[in-house]
Amino acid sequence: MSLPAGTGAAARRVLAALTELRDVLGEVRLPLETPVAAGARAETRRVTQQLDDYVLARYSRIDAPLLAVVGGSTGAGKSTLVNALLGAPVTTSSAIRPTTRRPLLVHHPVDAKWFASEKVLPGLARVHVSGGAAPTPAGEGTHGELELRSSDRVPVGLAVLDAPDIDSVVEDNRRLAGELLAAADLWVFVTTAARYADAVPWELLAEAAARRIVVAVVLNRVPQGVSGQVRHDLSVRLASAGLGRAPLFTVAELPILDGGLLPDMDVAPLRAWLGGIATDAASRAAVARATLGGAVDDIVRRTAAVAEGAREQSVVVDRLREDVHAAYSAAEERAVEAAGDGSMLRGEVLARWQELVGTGELMRAVESRVGRIRDRIVSALSGKGAPAEPVTEAIETGMMAVLAEEVRRASVETERYWLREPVARELVRAAVDRRPDDETVRARAAEEVRAWQASLLDLVREEGADRRQTARALSFGVNVLGAALMVAVFASTAFIPTGAEVAVGGGTVVVAQKILEAVFGDDEVRRMAERARADLAGRVRTLLAEGARHFTDQLDALEVDAALADRVDAAARAVSAARGVEHGR
């Protein structure tokens, strides 16, 4: 292995940094159609492809054979020029457009191993054709293939590639032409006297200048008598584009000789220039280093757009997550508040509780009624009074309705938030498709309420297990004590003796409090109520988190890495730093 300029260690650091950048770029995901996403995706593909097709291979082998890509506009005579350079018809020239569909790479037999390997243009399948075979007919071949021909007419150390038209009517051809030019060590750019001012070629030439690619320009089909004028104008344009040092070769408009070849004298200067580069190791290395350095600097510049795209994706995903959090946090707050502000102690719940404990004496001396209430409890369990189940069922129904409504409301609010983001509309549709129906939500809410009620009964049993003075009450009143604890939990002021408290349901909370205190004592009742509230809040949180996941799962599936933009930036900086060390900057 031969590494580029500078010490071997310095070059290896650059190669390692470039490899790391390639790995990071392989993780880039830009699934959302944000404002800069399309451009960032294009830059990601472009940078990744250039690293794969050219930069990594060339950085690992600066002394490997050069690749000269012959490119240009439709009908510029690229294939004819390649045939003339080689002195044999290896590629077809034709009026059929596009003529070149499968690119042709002609190399010296000594260089066959390098160009047959996947180090160069790994995305193209190789089609090996013997050197003496007839040219591929115009318009034939398959996209995604690279035709390889071996010829001793090509100098050792240099291969010539006939690329598709840069302005082809076939989109795949245009894309492939761009990829091949990006993988070139040098360009042989072919234009004509009639079309040298076209916009598309100059866009690519400007890019070549920005990347410091070694370029030779062939002005083809120049009519007799205008060569000097056209050549001067083109030279001025090249200088203005930053390519004033690019060699300019002129080919007159002459009849094609038998065998389809241009006169040798017209292509001899270009052949000599290419041969001079190929046969001189120092010249080859200088060309490779110049183009490689420009390509690496261009890659570093372009990764800024990739990082911007990744950062934008992360910002949008974070904003969508915040929307989910806001909607479901608000729902949780409302549900917990509804379970503690007394609103549950109305209607059916209040009626069933008063049936259990009696209503006529509620506004009388509550302190003296605990014994009578206990007698009612005994009566209930012996079949002579109202049981506690209607109370717990009413609580289950009421609390289930509250929770189901909050799940629905949070989902609707999240959809509304997300629809403000045009990029999230598909996500909304996917979330709605996965959202459970109302009946399923009610069933899950009822499940959590029943589990909470069961945990309260377990708490009553647990707290009364070692209280011999209350053993008799617990033995026949667990369900009622549990119901009393539920009633107490549903009032935020349940254990603060105020006038407002008595107003809730005609003293409902006071009665529940006195029943519990008679069994457990004041301090223990407070602690039990706090535990019960915390348990209910946790179950509310669990239920709403399930609803939120229908949205957050859509975001997780996008696989947008919040740290990726910084990693892209860091990898690009590492390449720049390693290049600076390599060149003593």
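Helix 13 passes helix 18 in a right-handed crossing. That is one of several helix pairings to look for in this predicted model, where the protein has 19 helices and 8 strands. Here's a tour, starting with that pair.

**Helix 13 against helix 18**

- Helix 13 covers residues 425-434 and helix 18 covers residues 522-557; they pack at an angle of about 135°, with their axes 9 Å apart.
- Because of that angle, helix 13 counts as oblique to helix 18.
- On the helix 13 side, the contact is made by Leu427, Ala430, Ala431 and Arg434.
- Across from them, helix 18 brings His550, Phe551, Asp553, Gln554 and Leu555.
- Sort that contact by class and you get 5 nonpolar, 2 polar and 2 charged residues.

**Helix 2 and its two partners**

- Let's start with helix 1 (residues 8-25), which packs against helix 2 at an angle of about 155°, with the axes 10 Å apart.
- This angle is why helix 1 is called roughly antiparallel to helix 2. Their crossing is left-handed.
- The class count for helix 1 with helix 2 is 10 nonpolar, 4 polar and 2 charged residues.
- Helix 2 (residues 37-60) also packs with helix 9 (residues 281-338), at an angle of about 150° and with the axes 8 Å apart.
- So helix 2 is roughly antiparallel to helix 9 too, and it passes helix 9 in a left-handed crossing.
- The contact of helix 2 with helix 9 has 14 nonpolar, 6 polar and 6 charged residues.

**Loop residues with a positive phi**

- First, a bit of background: most residues other than glycine have a negative phi.
- Arg212 isn't a glycine, yet its phi is positive, near 60°.
- You'll find Arg212 in the loop between helix 6 (199-210) and strand 7. Its relative accessibility is 39%, so Arg212 counts as partly exposed.
- Glu559 is another non-glycine with a positive phi, about 55°.
- Glu559 sits in the loop between helix 18 and helix 19 (564-582). With a relative accessible area of 53%, Glu559 is exposed.

**Val226, another loop residue**

- Val226 lies in the loop that runs between strand 7 (214-222) and helix 7 (227-240).
- Is Val226 buried, partly exposed or exposed? Its relative accessibility is 27%, so Val226 counts as partly exposed.
- Val226 and Ala193 are 33 residues apart in sequence, and their C-alpha atoms are 8.9 Å apart in space.

**The whole protein**

- How many of the 585 residues count as buried, as a percentage? The figure is 52%.
- The protein exposes about 25500 Å², and carbon and sulfur atoms supply 53% of that area.
- Take the contacts between residues at least 6 apart in sequence: 80% of them join residues at least 24 apart.

How values were computed. Residues are numbered from 1 along each chain as its sequence is written. This is a predicted model: local features need pLDDT of at least 70, side-chain atom pairs count only at pLDDT 80 or more; totals for chains, interfaces and linings use all residues. Side-chain values use heavy atoms; hydrogens and water are left out. Helices (H or I, at least four residues) and strands (E, at least two) are DSSP runs, numbered from the N terminus. Buried means under 20% relative accessible area, exposed over 50%, partly exposed in between (1.4 Å probe, protein chains only). Contact means heavy atoms within 4.5 Å. Accessible areas come from the Shrake-Rupley method with a 1.4 Å probe; for residues, only the protein chains shown count as cover. Axes are lines fitted to C-alpha atoms, for helices over the stretch in contact, and angles run from 0 to 180 degrees between N-to-C directions. Angles under 35 degrees count as roughly parallel, over 145 as roughly antiparallel, 65 to 115 as roughly perpendicular and the rest as oblique. A crossing is left-handed if the near helix is turned anticlockwise from the far one by less than a right angle, and right-handed if clockwise. Ala, Val, Leu, Ile, Met, Phe, Trp, Tyr, Cys and Pro count as nonpolar, Asp, Glu, Lys and Arg as charged, and the others, Gly among them, as polar.
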